[in-house]
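Biologist: I am new to this structure. Could you show me how to read its salt bridges?

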Amino acid sequence: MPEPLEPLESYGEEGRAIASTGAGGAADLGTQEAETLEKTPGGPEGTGADKKPRSLWSDAWHDLRRNPIFIISALVILFLVVISIWPQLIASGDPLACDLSKAQEGSQPGHPFGFNGQGCDVYTRTVYGARTSVTVGVLATLGVAILGSVLGGLAGFFGGGWDGVLSRLTDVFFAIPVVLGGLVLLSVVTSATIWPVIGFMVLLGWPQISRIARGSVITAKQNDYVQAARALGASNSRMMLRHITPNAVAPVIVVATIALGTYIALEATLSYLGVGLKPPTVSWGIDISSASQYIRNAPHMLLWPAGALAITVLAFIMLGDAVRDALDPKLR
């Protein structure tokens, strides 16, 4: 016969506790470890029921704060936003003040980027050009995201004839080349403001967001919690706003963030071709267009606005990639 186990007190203060295992045996645990397991039902790492699981957004923010790509791109974008609102913080000159006697001259004290073909300070125009480019990109992205999300979300939620009509309309807009459409539509516009360019981008940009929103809504409305809300008598508006939209908006945010940089580049392209923004508006695209004919004699006129445009577009694309990685559970 096996000898009976001695009581726990016989082991002294540093005694051992006996815990039964699932196979009918026994596991020898330290007394302190046993007390820890009793206090933390989720295990020794403290992941029990007293800790609330992070939501998708808090988990994404937790990952973004540790992503160097996100930090670098966010700092660059923050700097661009600040100088767009207050360009006089780093540029005290007037972007429209020109002196023909200094045309195409290089760097000088107080004018680190030199002068353009009209004798205007390239540094001042590059700083003030950020305001126009960022404003056009942000407003165009907001318009595209709102219009595309509403149309695509309604089509995905209701389906039927509405979905069919929107799908065919989306195919029509996808068949229009963006640059060619800009040459045709904006060539008849005489306004020198930014609104015709923004309206054109929204007109041809919403189909992409619409398809993304439609697919996200179709996927979200098939989840069990949406079916349960429908069975309990929830209205369509409540299901759309409370249950579907918060779980379907992540792909739209990712695509819109990446598209923002694309719209900034598109504005510069249209301005370069002469159908986008027009003087006296200060824009990187206008400066690149005017400097292209002097690239051999004065390359600095093209280098600085083109470099600022490239850095801005790259920052928004990097930000979009970081947000996509954080919000896509498949990439974890």
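**Reading the salt bridges**

Modeller: Let's start in helix H12 (residues 300-327), where Arg 324 and Asp 321 sit 3 residues apart, about one turn of the helix. Helices here are DSSP runs of H or I with at least four residues, numbered from the N terminus. The model is predicted, so local features need pLDDT of at least 70 and side-chain atom pairs count only at pLDDT 80 or more, while totals for chains, interfaces and linings use all residues. Residues are numbered from 1 along each chain as its sequence is written, and side-chain values use heavy atoms, leaving out hydrogens and water.

Biologist: What do the side chains of Arg 324 and Asp 321 meet in?

Modeller: Side chains of opposite charge can pair when their charged atoms come close. A salt bridge is a side-chain nitrogen of Lys or Arg within 4 Å of a carboxyl oxygen of Asp or Glu. Arg 324 and Asp 321 form one at 3.8 Å, N to O. Arg 324 also meets Asp 325 in a salt bridge, at 3.4 Å.

Biologist: How many salt bridges are found in the whole structure?

Modeller: The search finds 6. One of them joins Asp 163 and Arg 214, with the closest N and O atoms 2.7 Å apart. This pair links distant parts of the chain, 51 residues apart: Asp 163 is in helix H5 (residues 160-174) and Arg 214 in helix H7 (residues 195-220).

Biologist: Is Asp 163 buried or exposed?

Modeller: Buried means under 20% relative accessible area, exposed over 50%, and partly exposed in between (1.4 Å probe, protein chains only). Asp 163 is buried at 12%, whereas Arg 214 is partly exposed at 28%.

Key
Helices (H or I, at least four residues) and strands (E, at least two) are DSSP runs, numbered from the N terminus.
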